[in-house]
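Here are a few notes to read alongside the structure. Take them one at a time, and keep the picture open as you go.

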There are 2 protein chains.
Amino acid sequence: MKIAFAQLNYIIGDFSGNTDKIIKVIKHYGNQADIIVFSELSICGYYPMDLLEREDFILAQSQSLEVIQTTTANIKAAVIIGGIDNNSEQGKPCYNACFIYHQGQEIFKYHKQLLPTYNIFDESRHFAIGKLSPIWQYQGKRFGFLICEDAWNHQAPYLYDTNPVADLMAQNLDAIISLHASPANEGKYQQRLQRFSQIAKDCHSPLIYVNQVGGNDELIFDGNSFVLSAQGELIQQLPAFKTSADMIDLSHAHSTISSEFATLSPIEIYYSQLLLGLSDYVSKCGFQGVVIGSSGGIDSAVTIALASLALGADKVTAITMPSPYSSQGSVNDSQALADNLGIKLYHRSIKAEYELAIQQFEQTFGQSASKLTHENIQARIRGRILMEYSNHFGYLLLSTGNKSETSVGYTTLYGDMNGGLNILGDLYKMEVYAIAKYINQISGKIIIPENIITKAPSAELSTGQKDQDSLPDYPVLDAILRLYIEQDLLEPDDIQANQQMIQQSDFTDIDTIINKVDKAEFKRRQSPPILRVHARSFGIGRRLPIAQNYQSHRYFEI
Amino acid sequence: MKIAFAQLNYIIGDFSGNTDKIIKVIKHYGNQADIIVFSELSICGYYPMDLLEREDFILAQSQSLEVIQTTTANIKAAVIIGGIDNNSEQGKPCYNACFIYHQGQEIFKYHKQLLPTYNIFDESRHFAIGKLSPIWQYQGKRFGFLICEDAWNHQAPYLYDTNPVADLMAQNLDAIISLHASPANEGKYQQRLQRFSQIAKDCHSPLIYVNQVGGNDELIFDGNSFVLSAQGELIQQLPAFKTSADMIDLSHAHSTISSEFATLSPIEIYYSQLLLGLSDYVSKCGFQGVVIGSSGGIDSAVTIALASLALGADKVTAITMPSPYSSQGSVNDSQALADNLGIKLYHRSIKAEYELAIQQFEQTFGQSASKLTHENIQARIRGRILMEYSNHFGYLLLSTGNKSETSVGYTTLYGDMNGGLNILGDLYKMEVYAIAKYINQISGKIIIPENIITKAPSAELSTGQKDQDSLPDYPVLDAILRLYIEQDLLEPDDIQANQQMIQQSDFTDIDTIINKVDKAEFKRRQSPPILRVHARSFGIGRRLPIAQNYQSHRYFEI
């Protein structure tokens with residue numbers, strides 16, 4: 001029994017493009033394989049959100065499925081594909097389904113039973129709960145089906161009344177086929193391997209895990225599809241962050257392989273993940289390239305470097321925009337970075353515009369502008385200049401705020417928050433430094449100037465300003481934020497490590513930090529999409545009211 | 001049997017403030033009434049979103065409920081209040097519940113059975129499905145409970161497997177008590193009256209419908225709590241958009257009353273709704289006042305007028321910022337509007353800043369800026385000036401884009417989209433005109449200058465520019481947008497009226513309009529909250545991916 005499986009990079013709602021990609025794989029494996037497996041909701045891409053509420057969208061995907069069904073008419077393989085099925089009974093009007101086509105006929109279908117509705121997932125908003133049997137008999141073999149969340153109701157707290165995996169045990173299966181649209185985040189791969197290994201062992205069955213790959217707005221699917229033996233051991237693996245397909249013959253014994261991906265550090269993973277997330281957003285939205293403000297600081301340097309590595313130096317423009325508070329060192333660092341990467345760097349002083357704005361402020365309002373006003377004017381003139389470039393040349397502007405700054409609101413709305421995408425917004429400040437060092441390390445030369453990595457962080461918006469004037473050191477700040485923002489998703493070891501970091505510092509005013517995070521919610525509501533690397537990212541995964549008066553810091557304990 | 005009921009204005013997460021408001025009502029009616037009823041999730045406000053995932057939040061609300069429970073120790077009345085209950089079984093960790101306290105004891109509780117998860121609602125994200133009996137026996141009487149959505153699974157498409165209303169029929173009830181957090185939107189009040197009248201008749205029971213009141217970010221709860229006879233007739237009604245409480249003795253026969261609210265036009269309702277939504281956002285977020293850019297056009301004029309009516313003239317600052325393309329008429333119109341309202345209007349020409357920006361653009365990039373770049377620079381200098389005022393004086397900036405413009409992307413990101421709240425963003429352009437006329441009508445004098453209402457709409461960002469250069473007339477545009485954005489929520493009569501409007505025009509290029517709507521999704525993702533008046537508003541009620549390639553206009557039919 002030969003099973004081919006493909007992790008492809010789908011564009012949401014691009015039925016014609018997605019269908020073409022799928023058919024290409026079907027044609028390649030059609031007469032070699034007995035079965036070809038694609039991922040969850042592959043035909044429409046994940047996640048279409050409220051496009052799923054449009055009748056014409058459902059119709060268009062059904063028509064695409066018919067095309068694929070027809071393609072199977074003259075080939076040997078049965079094709080398993082994730083798509084949408086209609087529900088004419090009670091409940092939401094459609095199912096998150098998988099269909100099996102063979103020789104031009106639909107011969108089986110299954111509906112996802114567990115619908116994740118938390119964090120980044122909204123499936124109860126659109127889908128009905130599946131009730132169909134997950135057991136498929138084909139050519140004398142028995143297969144069991146899972147779709148993504150179906151596998152995960154195995155430990156407390158039990159979010160669902162049923163456990164589809166339990167229904168697959170003692171079923172004497174020849175294979176479990178599990179379809180996924182599982183985005184990458186910190187620790188996720190290890191969780192998957194562990195969980196599915198347990199499922200294979202519990203069901204005494206080999207298991208084929210098929211994910212999709214690619215970036216869709218915030219979410220980046222890592223692929224990493226794999227096959228496990230009935231003993232739960234890894235016997236085949238597709239690469240991370242790459243479109244790929246392969247075939248395995250389950251009739252033969254396979255030797256265990258070790259996963260290279262499992263040995264990667266989080267920083268190595270984030271690096272590849274962000275490159276894919278950025279390049280997919282740019283290509284799927286149809287931009288010519290990207291433009292980035294280069295402050296000479298670590299965040300813009302890493303953003304510029306990642307963009308150059310993802311898209312090529314010719315697709316990246318940087319602009320350095322010194323104000324009277326910018327050091328010459330910052331401009332020099334920007335230039336050195338641009339030279340190292342071979343990208344175009346424009347110089348545009350904002351001095352004249354800044355001074356004119358301040359003068360006109362005083363003329364109009366009869367007062368000297370406050371310190372905050374002075375600072376924000378600089379950030380907003382820069383934000384406007386970057387948008388001038390974006391408007392004129394059709395380039396996507398990338399904003400550069402990291403997760404630490406975004407958490408406490410140390411970014412300027414309509415200033416450095418300007419942009420269509422933020423690629424560092426889910427990286428804590430210390431992780432940004434780590435990525436910088438990693439880029440230099442794998443490049444075998446200095447890409448990001450040492451000075452950018454070693455100097456004290458400053459927004460350079462007033463004389464002598466340093467980030468640490470009003471914040472604890474970043475290792476401590478990051479530890480506080482991790483506990484506040486994602487404590488419920490951290491492993492116990494991580495919680496302890498962060499608590500120790502805080503306890504060993506002399507910083508005690510945690511309430512102030514928590515309060516800053518809460519008060520900055522209005523800014524994050526207007527943020528561009530942030531590429532997600534942690535389990536709890538800002539955006540669709542963390543939804544909070546703005547006008548509220550909950551004093552959460554009263555209950556925050558270290 | 002005397003039943004008091006209160007529609008209060010809660011702040012989300014403000015447990016101490018909300019508890020105080022509730023206790024005040026309990027003390028007032030405690031020895032007059034047999035029962036006092038508050039609305040759904042009143043103790044925490046609706047909707048706390050992911051605050052519901054915090055253990056400390058759940059704990060804080062439980063402590064507040066205990067305070068209320070204690071308050072009932074020495075009074076006659078039983079107190080019915082919406083709050084959160086813990087779930088220790090399978091499913092999400094808490095219930096959307098109502099509790100009954102009497103003489104210091106919890107004597108009954110009920111859990112919401114139907115959890116709305118569509119449009120603006122996310123309840124499956126946080127709550128488990130209730131299984132408790134809705135029947136409460138008290139002092140020889142039988143009461144049936146509903147919580148909001150429980151009442152609405154009565155017609156196809158049936159979103160849920162169960163119908164809690166059916167379980168109340170033939171129960172020989174003395175009253176149905178229905179707790180709500182139901183936001184106002186077009187036609188909603190009539191739908192409620194009709195539905196609950198049917199429930200009262202079907203169950204042969206009087207019905208008490210208790211809503212909350214007030215604005216929480218996008219959502220504005222209208223109050224409008226009412227009591228129906230067992231014949232389904234209106235016998236008592238609290239006012240719209242006002243904190244209020246009253247008592248009814250169900251032992252006596254009541255004569256039917258007619259609802260004033262039912263006779264109001266949509267424009268009259270939107271007017272009151274927006275005033276409340278704005279004033280609550282300002283007070284709940286703690287701003288001193290609001291600042292608005294005054295272009296001399298209809299949108300900024302209506303925003304300024306509504307703000308003055310909601311907050312008082314002394315809390316509103318306007319700034320007129322003419323560019324070389326602004327007509328003197330626009331500045332004059334801005335001044336006339338400010339004079340009519342008695343608000344402060346600052347004049348600040350952007351000519352020098354605009355010219356400097358253009359000159360520096362050419363110097364930096366070696367090209368003449370494109371038309372779009374020229375236009376956006378003006379909007380963004382203005383946006384920055386408004387934020388200068390906001391930063392310096394602590395005023396909330398209001399953005400002014402209406403729903404028609406926001407739909408097709410005719411607003412400038414980081415320019416006129418700047419602001420913490422948009423109060424017109426769910427009003428189509430023709431509705432903005434209607435509100436302007438309504439304001440003049442109820443004021444008994446000209447508030448919004450006639451010239452602003454009658455002149456051709458223009459952004460005045462280039463010479464001779466008019467909105468209708470690139471868009472159909474607004475009545476036609478609005479009709480297209482209504483069909484595209486909210487067809488599934490419109491009544492058949494409305495659909496027909498909009499179709500007729502389009503057919504009678506000579507505009508046929510509907511695909512272009514639909515395409516503009518789809519392409520502007522990235523801008524709306526960065527929009528401030530928009531006060532919601534229609535059933536389908538931009539924001540949490542309409543969630544779409546940005547990087548997608550679905551050609552929906554292929555399927556749009558008039």
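Which residue of S14(B) stands opposite B:Ala6?

1. Please remember that this is a predicted model. To settle the opening question, the residue facing B:Ala6 is B:Ala245. Their surroundings are an antiparallel pair: strand S1 (residues 2-7) of chain B is joined to S14(B) by six bridges.

2. Now step back to the whole sheet. It is an open one of six strands in chain B, ordered S5-S4-S3-S2-S1-S14, with mixed pairing. Strand S5 (105-111) and strand S14 (244-249) of chain B are at the edges with a single partner strand each, so each has one side without a neighbour in the sheet. From one strand to the next, the twist averages 30°.

3. Helices cover this sheet too. Helix H1 (residues 15-29) of chain B packs on it, touching strands that include S1 and S14 of chain B. Helix H2 (residues 55-71) of chain B lies across S3, S4 and S5 of chain B, at about 160° to S3(B).

4. Next, look at helix H13 (residues 474-486) of chain B, which spans 17 Å from first C-alpha to last, close to the expected 18 Å. Eleven of its 13 residues are buried, so H13(B) is largely enclosed by the rest of the structure. Among the helices of chain B that its buried residues pack against are H10 (403-408) and H14 (492-504).

5. Finally, compare the two chains. Chain B superposes on chain A by a rotation of 180° with 0.0 Å of shift along the axis, which is the relation of a two-fold axis. In chain B, the C-alpha of B:Gln526 is nearest that axis, 2.1 Å away.

Definitions and conventions
Residues numbered from 1 in each chain as written. Chains lettered and ligands numbered in written order. Predicted model: local features only at pLDDT ≥ 70, side-chain atom pairs only at ≥ 80, totals over all residues. Helix = DSSP H or I, 4+ residues; strand = E, 2+ residues; numbered from the N terminus. Expected span 1.5 Å × (residues − 1). Buried ≥ 20, exposed ≤ 12 C-beta atoms within 10 Å, placed from the backbone. Contact = placed C-beta atoms within 7 Å. Least-squares fit on C-alpha atoms with pLDDT ≥ 70 in both. Pairing = 2+ DSSP bridges. Axes fitted to C-alpha atoms, helices over the stretch in contact; angles between N-to-C directions.
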